[in-house]
Every structure is written in C-alpha cells, then in structure tokens.
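Open the structure in your viewer and keep the selection tool at hand. This tour goes stop by stop.

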Amino acid sequence: IDNLLDVERLEAGALPLKLRHIESTDWLCNSLTHWEVVSEAQGKNLRITIPEDLPALRGDRELLQRVLNNLLTNALNYATSVGVVEVRAYPTAKQL
C-alpha cells in the first residue's frame, strides 16, 4: 500500500526526488550483498552479472533501493524452492 501511495505522490509532485550522482557498479554490488544472504538462506540461487564499467547514473538512491528491494523480494518469493533469480545490469545506448 505504501508503494502505491508513493507512486501517487510522485505523480502528483508531492514526493520530491533527491537526485544524486550514483556510481552504478558500487551501488548495485553493495545493494545486492544483503540479497545474496537472503537467497542462500532460502536455498535459492541468486546469479549476479554486473560489469565493472557501468556508467554512473543520477537518481534518488532511496527510491531506487526500494524498487530493487521490491523486485528481489517478489522474485525470491515466487521462485521455485530450488529456483534461480538472475540480476543483470548492462548499459545500452546512453542508458543503464
């Protein structure tokens, strides 16, 4: 429910974004450390592919973390008992 309310606030301009420079590779590696432990505890395999040369991005670190957490929570919840969840990041033309 909180996420839906946040989307509404974002769309209405009532939730200001805190845009900052983010080193993509570092942020992703640090963010995924927790999820490696969680997936192992659940007996699931988390495969991570993150190149070292990802471009930096500008974004709201807290909101990006919430998005990543939601995605991985759902992926691990709905993966089979011996499931594999794969996380890959790669740049495309001017995008990450």
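**Before you start.** This is a predicted model, in which local features need pLDDT of at least 70 and side-chain atom pairs count only at pLDDT 80 or more, while totals for chains, interfaces and linings use all residues. Residues are numbered from 1 along each chain as its sequence is written, and side-chain values use heavy atoms, with hydrogens and water left out.

**Stop 1: the whole protein.** Show the cartoon. There are 3 helices and 4 strands. Helices (H or I, at least four residues) and strands (E, at least two) are DSSP runs, numbered from the N terminus. Trace them from the N terminus: the order is α-β-α-β-β-α-β. Of the 96 residues, 26% count as buried. Buried means under 20% relative accessible area, exposed over 50%, partly exposed in between (1.4 Å probe, protein chains only).

**Stop 2: K44.** Select K44, in the loop between α2 (24–41) and β2 (45–49). Which side chain of opposite charge is nearest to K44? It is E40, 14 Å away. K44 is buried yet has no salt bridge. For charges, Lys and Arg count as positive and Asp and Glu as negative; His and the chain ends are not counted. A salt bridge is a side-chain nitrogen of Lys or Arg within 4 Å of a carboxyl oxygen of Asp or Glu.

**Stop 3: I50.** Move to the loop between β2 and β3 (57–60), where I50 is found. I50 has a relative accessible area of 16%, so it counts as buried. I50 and A89 are 39 residues apart in sequence, but 5.3 Å apart in space, C-alpha to C-alpha. Leaving aside neighbours within four places in sequence, I50 is in contact (heavy atoms within 4.5 Å) with T25, L28, C29, L32 and A89.

**Stop 4: the helix and strand lining.** Turn to the largest pocket. Which elements each supply at least two residues of its lining? They are α2, α3 (61–78) and β4 (84–88). The largest share, 5 residues, comes from α3.

**Last look.** Zoom out again. Among contacts between residues at least 6 apart in sequence, 83% join residues at least 24 apart.
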